[in-house]
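Q: Got a model to go through with you. Can we start with one of the helices?

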Amino acid sequence: MNKTLSGAAALVLLASQAARADFVDLLGSFSTPLENESAQAAWDTYENLLNSGCDDAMLVDPGVSAQGQQASCSGRTFRIFSNVRELVHTGNELTGKGATRFSLGSTKQGLGFALRWLAAEEYSSQGDMSSDFVSGQMVGLSARLTALRFGARGFQFAQGGVWQGGDYAGIYGSNGGSAGSEIGYSQWGGFLNFQYGSGTHDPTGLEDAFDLKTYGLTGGLDYRLDDRWVVGTTLGYSDEQIDFDAALSVVEGGIKTKGYSVMPFFMFQQGNYYVSGSLGYQSLSFDSERYIRYPSFNPDLPSTNTETVSSSNASVISAFAETGYDFIWKAFTVEPYINLNSSSITIDEFVEDDLNNDGFDLVIQKQSFSTLDASLGTKFQYTFTWGNSVFVPYLTLEQVSQLQDSPRTVDAYYAGLPFQESTFHISTDKEDGAYGTVNFGMSAVLRGGQQKKLGGTIGGDIQAFFNIKKIIGLENYTLNFYSLGIRVAF
């Protein structure tokens, strides 16, 4: 008798496993890698919930019960189970086997459409936004250092503050003395830069299409220790927004971020050679909204239409180093250089809030990753005077190699599950190994230094610059950065 019951139980178990395995036949067969990863996540969640006490035949939320395993599949857990069960039953209907009562009645393409809405691949963009913020700060810092090199080396003041064309003798005289030792120039300078960036990202099998805009301010102080050393600090702020393009991707929503940066820097010059560097810290906050919308063709099941919102934070440790040499012929300068940019980015774990309480909110787990870029470039510039002002237009061509280009993974699971193990493992695209940049800009000294009293320190000179940076050859991206700034010695 016991053997008969055991055999019957085994047959029931095997039949159940066979029915539950039908959806597995579809895994890996969807049109994009993202849909396949989302399908795997739906299956893993469904299986875990069945093993945790949910019943494939449950019609309604049993509520809080004092008896049986159904008590562990009520409330939020039941809503999550219902969502993934619809997807699994839809797959069963497509394969012609297994339970289909809660099928959406979709085609395979429609099922893939629904799976893409669930994936939360939008959050891979937070890493891109963190990197963009650091890049924008690097653009402002690099332009500031260029203007400092120009002001420190390119021209001389006559007494009284009238500009004279100099043969790169140095703003503090040609004898290599300490700052201000010969002609008493101010060693302090304050500066303010404005940056604007815009771009687009094309859709891929793993990432969404979006448009981005970013605005930033960078200000700070610099101090000339002597005719070779300059130290300073930049303080930066950025406001960036990306909007996902629903016309190109199965996605809708956006992410807004605010970023703050502090970057102490130094620059050393001797003759035509220079080296500069910075070690900085950036802090970012994100506000995100993500929509989940897909239809049901089953009259007994409503279509899905909800929205999740979330707030999260990121921190970045960044480093920058550059060295180069100027080859000068009359008013022309050719400056080959090499630089390194690195960042270590951490995005804290956060939880979405499903505004309709439909059970689609996710826990996005902590992300930590690093970037390292090496650039080899050449700057071409020409110096000319106009009235009492001096202008240096320049063109820079640069080849950037991304030395850490491996894809990363965004891990997540449904909020409120009785288990806390990642079920979504959403991969990002691999970074391009190399791309190019073109910079066009101009540095200028608009007003020379002046003495407020006879024998006093010469100060009040005004330098300005603007820079346009275009990224070329970066797959799936178009990016442009614009910056302008001013520095006043005091």
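Q: How many residues of α3 are buried?
A: In α3, 15 of the 20 residues are buried, so the helix is largely enclosed by the rest of the structure. Buried means under 20% relative accessible area, exposed over 50%, and partly exposed in between, with a 1.4 Å probe and protein chains only. Helices are DSSP runs of H or I with at least four residues, strands are E runs of at least two, and both are numbered from the N terminus.

Q: Where do the coordinates and numbering come from?
A: This is a predicted model, with residues numbered from 1 along each chain as its sequence is written. Local features need pLDDT of at least 70 and side-chain atom pairs count only at pLDDT 80 or more, while totals for chains, interfaces and linings use all residues; side-chain values use heavy atoms, leaving out hydrogens and water.

Q: Back to α3. What is its reach?
A: From first C-alpha to last, α3 reaches 29 Å, close to the 28 Å expected at 1.5 Å a residue. The expected span is 1.5 Å times one less than the number of residues.

Q: And what follows α3?
A: G96, with a positive phi near 80 degrees.

Q: Which residues touch the most other members of the largest nonpolar core?
A: L49, L87, Y294 and Y414, out of 46 residues in that core. A nonpolar core is a set of buried Ala, Val, Leu, Ile, Met, Phe, Trp, Tyr and Cys residues joined through side-chain atoms within 4.5 Å.

Q: Which elements give two or more residues to this core?
A: α2, α3, α4, β7, β13, β17 and β18. Helix α2 gives the most, with eight residues.

Q: What does Y414 touch?
A: Leaving out residues up to four places away in sequence, Y414 touches T45, I80, V84, L118, G359, F360, D361, L362 and F424. Contact means heavy atoms within 4.5 Å.

Q: Switching to the open sheet: what is the strand order?
A: The order of its four strands is β11-β13-β17-β18, with antiparallel pairing. Two strands pair if DSSP finds at least two bridges between them.

Q: Which strands stand at the edges?
A: β11 and β18, each with a single partner strand, so one side of each is left without a neighbour in the sheet.

Q: What packs on the sheet?
A: α2 does, touching β17 and β18, and its direction makes about 170 degrees with that of β18. Axes are lines fitted to C-alpha atoms, for helices over the stretch in contact, and angles run from 0 to 180 degrees between N-to-C directions.

Q: Which residues are on the covered face of β18?
A: F424 and I426 are on the covered face, while H425 and S427 are on the uncovered one. V410 stands opposite I426, and β17 pairs with β18 over four bridges.

Q: Last topic. How many salt bridges are there in the whole structure?
A: Eight. A salt bridge here is a side-chain nitrogen of Lys or Arg within 4 Å of a carboxyl oxygen of Asp or Glu.

Q: R290 and E352 meet in one of these. Where do the two sit in the chain?
A: R290 is in strand β7 and E352 in the loop between β11 and β12, 62 residues apart. The N to O distance is 2.8 Å.

Q: Is R290 buried or exposed?
A: R290 is buried, at 1% relative accessible area, and E352 is buried too, at 3%.

Q: And K97 with D25?
A: Their closest N and O atoms are 3.7 Å apart. K97 is partly exposed at 43%, and D25 is partly exposed at 48%.
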